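Here's a quick rundown of how some of the pieces in this one pack together. Have the structure open while you read.

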Amino acid sequence: MSDISAFSFDREQLSVTWADGATSEWLALWLRDHCQMPASRNPLNGQRLLNITDIPADIGIAAVTREERRLVVEFSGDGHRSEFDIDWLRANCYCLNAAPDDRSEATKTLWDRAFFSQGLPRCGYADFRALPAARLAALRAVRDLGFVILEDVERVAGEVLNVIRQFGNVRETNYGPLFDVRTTVDPSNLAFTNLGLGCHLDNPYRDPVPGLQLLHCLESSTSGGESILQDGFMAASVLRRENPEHFALLCRTWINFRFRDATADLQAHVPFIEVNDLDQVIKLRFNNRSIDTLKLPPATLRRFYPAYRHYAEILQRDDLQIEFKLRPGELMLFDNTRILHARKAYSASGTRHLQGAYSDLDGLYSSLRRLEARA
């Protein structure tokens, strides 16, 4: 619980010295804009009821008093009165707290192969469905590590959609609500062959991309076909460390990804690596099969290829990858903006049948926050 040792104000701002010695300042306009009173905020959902243009341009602070665990601010300009909980002021002080970005690399646990010497993050599907604590742990693994493996998922066609409904909504694409990964004649996508696939992220030609991917193993009696996962945020951090200019170039150079078949023509103009306002990685796109014709200025192209090659070489390093065989009844749930996946080639004899589907990160994060609030 926060407490105040002293406060002062003038027309332009309120200043507070906290009991632990920290200091905070709030502009008068910020305080009026962030008023928590029912006249300014809907009490049920917290949404603002006023526009910034509803606040007088000459808004100022006329008086500040303390009433128990609240600071009461009276404004000049519109005569409004706001009450601010002291703990709320400390938690939301922009001097002491950066704006949160729970999608960025700064909030994740980056990993390599050695990180999982004690085993991969796993959760029994029955517990995932029935026990909030188990579901919370599984969704935290996706948030923090980028993936989780659910065990003993019913080997029933379409069950992957029921998994998604435990935490979010299905993201339907041109492949339908789900898709089958097995060898087909005249495949529209190399994923539907028995060829090996290099590390990639799905659907970079969509904007936005599906934030989550699920792959449910229904049958696996072939030789080969091992799954490979890689933390793309870790790979990007290695690139930044080894060659900052290569990293910066792949952040600021936008290229086209494209997918075409008999039913769809999808394309997006995006960078390999996307960063936020703090230069923290928040999203990756990498899929060499789907890069469209590169059309860059000559000078940019000459710099781009060495950076692209460097990044691709990092993504092939064994010590940054984990490899395992997905067994029948197991399901991978992973962040498709961070975790690259691949598979080894498999034999033509036997049967290998996975069902996949997509969802979005916002639904998972929403479910996770609600579970954490009740934990």
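Predicted model: local features only at pLDDT ≥ 70, side-chain atom pairs only at ≥ 80, totals over all residues.

**Helix 6 against helix 8**
- On the helix 6 side, the contact uses A235, A236, V238, L239 and E242, while helix 8 brings H310, Y311 and I314.
- Sorted by class, that contact has six nonpolar residues, one polar and one charged.

**Helix 4 against helix 9**
- Helix 4 (residues 132–144) packs on helix 9 (residues 361–374) at about 130°, with the axes 10 Å apart.
- That angle makes helix 4 oblique to helix 9 as well.
- The crossing here is left-handed.
- Helix 4 puts in P132, R135, L136, L139, R140, V142 and R143, and they meet L364, Y365, S367, L368, L371 and E372 of helix 9.
- By class, you get eight nonpolar, one polar and four charged residues in this contact.

**Nonpolar cores**
- The largest nonpolar core holds 55 residues, and the members touching the most others are F272, I273, F286 and Y311.
- Setting aside neighbours within four places in sequence, F272 has a list of contacts that includes L250, I255, F257, F286, I291, F304, Y308 and Y311, plus K283 and R285.
- There's also a second, separate core of 28 residues, with L139, V148, V153 and A357 among them.

Methods:
Residues numbered from 1 in each chain as written. Heavy atoms only, no water. Core = buried A, V, L, I, M, F, W, Y, C linked by side-chain atoms within 4.5 Å. Buried < 20%, exposed > 50% of the residue type's maximum accessible area, 1.4 Å probe, protein only. Contact = heavy atoms within 4.5 Å. Axes fitted to C-alpha atoms, helices over the stretch in contact; angles between N-to-C directions. Helix = DSSP H or I, 4+ residues; strand = E, 2+ residues; numbered from the N terminus. Parallel < 35°, antiparallel > 145°, perpendicular 65-115°, else oblique. Left-handed = near helix turned anticlockwise from the far one by under 90°. Nonpolar A, V, L, I, M, F, W, Y, C, P; charged D, E, K, R; others polar.
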